[in-house]
There are 2 protein chains.
Amino acid sequence: VLHTFGLPEAEIDKELASVLPQTGLVRLGLLTSPLGVSIVLTAIGVDNSRKGKGAMATLARAEQAVRERLRRWIYAEGDQTMEQVVGQALRDRRLMLAVAESCTGGLICHRLTEVPGSSSYVDRSVVTYSNRAKVELLGVPEDVLQRHGAVSAEVAAAMAYAVRTRFRADIGLSVTGIAGPDGGSERKPVGLVYIGLDAAGHSNDAADGHRDVREFRFHGNRQIIKMRASQAALDLLRQWLQDTTAGSKRGST
Amino acid sequence: VLHTFGLPEAEIDKELASVLPQTGLVRLGLLTSPLGVSIVLTAIGVDNSRKGKGAMATLARAEQAVRERLRRWIYAEGDQTMEQVVGQALRDRRLMLAVAESCTGGLICHRLTEVPGSSSYVDRSVVTYSNRAKVELLGVPEDVLQRHGAVSAEVAAAMAYAVRTRFRADIGLSVTGIAGPDGGSERKPVGLVYIGLDAAGHSNDAADGHRDVREFRFHGNRQIIKMRASQAALDLLRQWLQDTTAGSKRGST
């Protein structure tokens, strides 16, 4: 079982149609949830016969093909959860995370702290539900809030920067959005979510760090939008951790 | 279905043995989860016959008896959740809540914000996982942390007071504890949790407010301890809201 996030089921189906063997020895199943799409590959008729061993070999090849085609979107496998994968990457690199949540209401930090030992990489989280909280706790400038609105790329960026620098963490992660059912408008509908990531660089030079803000539009009820937003935030962090680790490994050879 | 929190299943069984009719017309079922014990009362053989109508009447009497006997522990019924009940009570009384979480890691605020419209009574929450966060964000005195430890009644009280006053909320709710599996000791085992409640009074006189700290010892794995601690915190808040509402109603007659 391979867990993906960020690609719709139909697209995964299309992607995999061309790479999976049409031998009838491997069955493909897709399970969709607010956490993403899980890909279940099953070998059919596995036993000690030659045909059975062939099915196992075909399964291994199929898994390899799926991994290559969907590398960017696969975040975990089997019983692994996103919060375990992200936690392990933070721990491996001895990075401290601080989180600023608005519409996810604490869910991101709750998920991260479900993992034993998470106190070694989760410093703190603030849930700034009100605008006043965003100003007071994070120092988001009032004019930014007024000009762009609390749900905006600018505020997400300011929140991520603020939790990282104010709390002296290595990485700041932020979410601001509209979980609904109320509070949406034509320009900013329910489900609109901005996620910010702000990582310190190796030097004191501000330009050396990494800043990213992404816009998402999620569907579903309040609970589902919160869950999807938390998953998107953790996945953005996971991808960044993966890319920079790959980068530094390449750099050190 | 009546949902209770705070009494073990065996005790509920004992309490109800004496009050439930032994007519065979009402069946009692108990469902235990980390959120408490749910009491399921079922009338047997309900139809339009005299005996069937008698079963319905017996069910109503049984429900009444259970409600009276377990009044303090029943927090919701049917599909209602604890966070809906607490939210409604906060909204009715136009009270603003701020939360300081340590071992629950954001779960309390996550649960509160699952309810649509919760932004009208949830101001903000801070998850102060590290001691540094407790000092910096909440102003918990370092010597209190050192003398009593982060998991102590004194720190729970300081956290609840700090979120209420610093963030100018009406009520401060705090949790500090050891969710495990590591971090326990003989004196402070895994599952030890302190919950603090700090409510503003009607006057500026500090003595006019309400302060409460409770100690709990929960069993189970990390996820279960987090869930139980969040439920205990919300239930402490619910009981206080209920008691003071009843009090002010009596006062106004």
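## Exercises on the A–B interface

Arg124(A) stands opposite Thr128(B) in E6(B). The model is predicted, so local features need pLDDT of at least 70 and side-chain atom pairs pLDDT 80 or more, while totals for chains, interfaces and linings use all residues. Residues are numbered from 1 along each chain as its sequence is written, chains are lettered from A in the order in which they are written, and side-chain values use heavy atoms, leaving out hydrogens and water.

**Exercise 1.** Find how E6(A) and strand E6 of chain B run, and how many bridges join them.

*Solution.* Start with E6(A), residues 122–128; strands are DSSP runs of at least two residues, helices (H or I) of at least four. Next, take residues 122–128 of chain B: the two strands run antiparallel, joined by 5 bridges. DSSP pairing asks for at least two bridges.

**Exercise 2.** Work out which residue of chain B forms a salt bridge with Arg124(A).

*Solution.* Look for a side-chain nitrogen of Lys or Arg within 4 Å of a carboxyl oxygen of Asp or Glu. Glu136(B) is the partner, with the closest N and O atoms 2.9 Å apart. Between chains A and B the count is 8 salt bridges.
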